[in-house]
Amino acid sequence: MGLFSLIILFSLLGGVLSVIAAASFLLLSDKTRARVLPHFVSFAIGALLGAAFLALLPHAIGASGVNDPHRITQTVLIGLLAFFLLEKMVLWRHCHSGVCDAHEGETHQHEAPGILILIGDAMHNLVDGVLIAAAFLTDVQLGIVTALAVAAHEIPQEVGDFAILLHSGFSRARALLFNVLASLTTVVGAVFAYYALGETGQVVPYVLAVAAASFIYIAVADLIPGLHRRVNFGATVAQFGWIAAGEGDGKRVPQARHAQ
C-alpha cells in the first residue's frame, strides 16, 4: 500500500472510526459507560504522552536540517501557549463527559451549542489530519503511532460530544451524521498536508513539534484533571496502569532517523 493510501486510511481511523466507536458507547448502560470510559481516558493520556515524548519529539529533533534542537523545543512551547489561547476561544475544546465547564448551563432547548461543538470539532480534526500526514511523511511507523494516539483521545472526546449534542436537541441519528461529517475534515487536512509538506520537507520537523505540543496539552490540560476526581487508591492504581499501557505504544517506534 502506498504512502498516500496509508495516510488516508489512518486519517479515517483517527476520525470517522473513532466517531463510530464513540457512538457505540451510547448503546451501553450509563453504569457500564461510567465504569469503562475512565479507563479509555487513562489509556489515551498514556498514548498521547508516549507519542509526544517517545516518538514525535525524537524524530523532530533528529531530522535532517534541524541544527539547533532549541528551535524544536521553542516550537513546542509556542504550540502549548497557542493551544491555551485557542481553548480560551472555545475553538479547541475537549469534553470527555456529558458536562464540562465550556458548556455549563446549556439546555436541550437550543441547538446553537451543538453547532458550536461541531465547528470546533471540524477545526480540531482538520489539524489532526495535518499532524497525521506530517508523521507519515517522516516515518510510516511514526504515522501509525500518531494516528492511534489521535484515535485514542478522540473516542472519549466524541462520547462527550455526543452527550452534549443530544442535550442540545439533536436526535441520535443527526448527532452521528454530523459528527461523521465533522470527522471527515481529518482526511481533508491529511490530503492538504501530504501535498503541501511534500514540497517543503524542511517544515515537517516543526509540524511534528506542534503535534507533540498538541498531544501534551490535551493530556495535561484536558484529560489528567478529570482523573483527579477519583482519589481512592484502587482508582489511582488502575489509572497509572492504563496510562503506562498507553505509553507502551510510543516505545515501539524506532529511534529517529534523518528525514528523507
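Helices, at least four residues of H or I, and strands, at least two of E, are DSSP runs numbered from the N terminus. Axes are lines fitted to C-alpha atoms, for helices over the stretch in contact, and angles run from 0 to 180 degrees between N-to-C directions. With that settled, here is the chain.

This is a predicted model, in which local features need pLDDT of at least 70 and side-chain atom pairs count only at pLDDT 80 or more, while totals for chains, interfaces and linings use all residues. Residues are numbered from 1 along each chain as its sequence is written, and side-chain values use heavy atoms, with hydrogens and water left out.

The overall picture comes before the details. Of the 260 residues in the chain, 48% are buried; buried means under 20% relative accessible area, exposed means over 50%, and partly exposed is in between, with a 1.4 Å probe and protein chains only. The accessible surface is about 12,200 Å², and carbon and sulfur atoms hold 68% of that. Those areas come from the Shrake-Rupley method with a 1.4 Å probe. Among contacts with a separation of 6 or more, 85% join residues 24 or more positions apart. Contact here means heavy atoms within 4.5 Å.

The partner I take up now is α5. Helix α2 covers residues 30-62 and helix α5 covers residues 140-167; the two pack at about 150 degrees with axes 8 Å apart. That angle makes α2 roughly antiparallel to α5. The cut-offs are under 35 degrees for roughly parallel, over 145 for roughly antiparallel, 65 to 115 for roughly perpendicular, and oblique for the rest. α2 passes α5 in a left-handed crossing. Left-handed means that the near helix is turned anticlockwise from the far one by less than a right angle, and right-handed means clockwise. On the α2 side the contact includes L37, V41 and F43, and on the α5 side it includes L142, V145 and H153. By class, this contact has 15 nonpolar, three polar and one charged residues. Nonpolar covers Ala, Val, Leu, Ile, Met, Phe, Trp, Tyr, Cys and Pro; charged covers Asp, Glu, Lys and Arg; the others, Gly among them, are polar.

Next is α3, residues 69-88. α2 and α3 pack at about 140 degrees, with their axes 9 Å apart. That makes α2 oblique to α3. Their crossing is right-handed. L57, A60 and I61 of α2 meet P69, I72 and V76 of α3. What classes do the residues of the contact of α2 with α3 fall into? Six are nonpolar, none polar and none charged.

Then α9, residues 233-247. Here the angle with α2 is about 40 degrees and the axes are 6 Å apart. α2 and α9 are therefore oblique to each other. This crossing is right-handed too. The contact includes G46 and G50 of α2, and W242 and G246 of α9. Its classes come to nine nonpolar, six polar and one charged residues.

L118 lies in helix α4, residues 112-138. Is L118 buried or exposed? At 12% relative accessibility, L118 counts as buried. Leaving out residues up to four places away in sequence, L118 touches L165, F170, F178, N179 and A182. F178 is 60 residues from L118 along the chain, and their C-alpha atoms are 7.3 Å apart.
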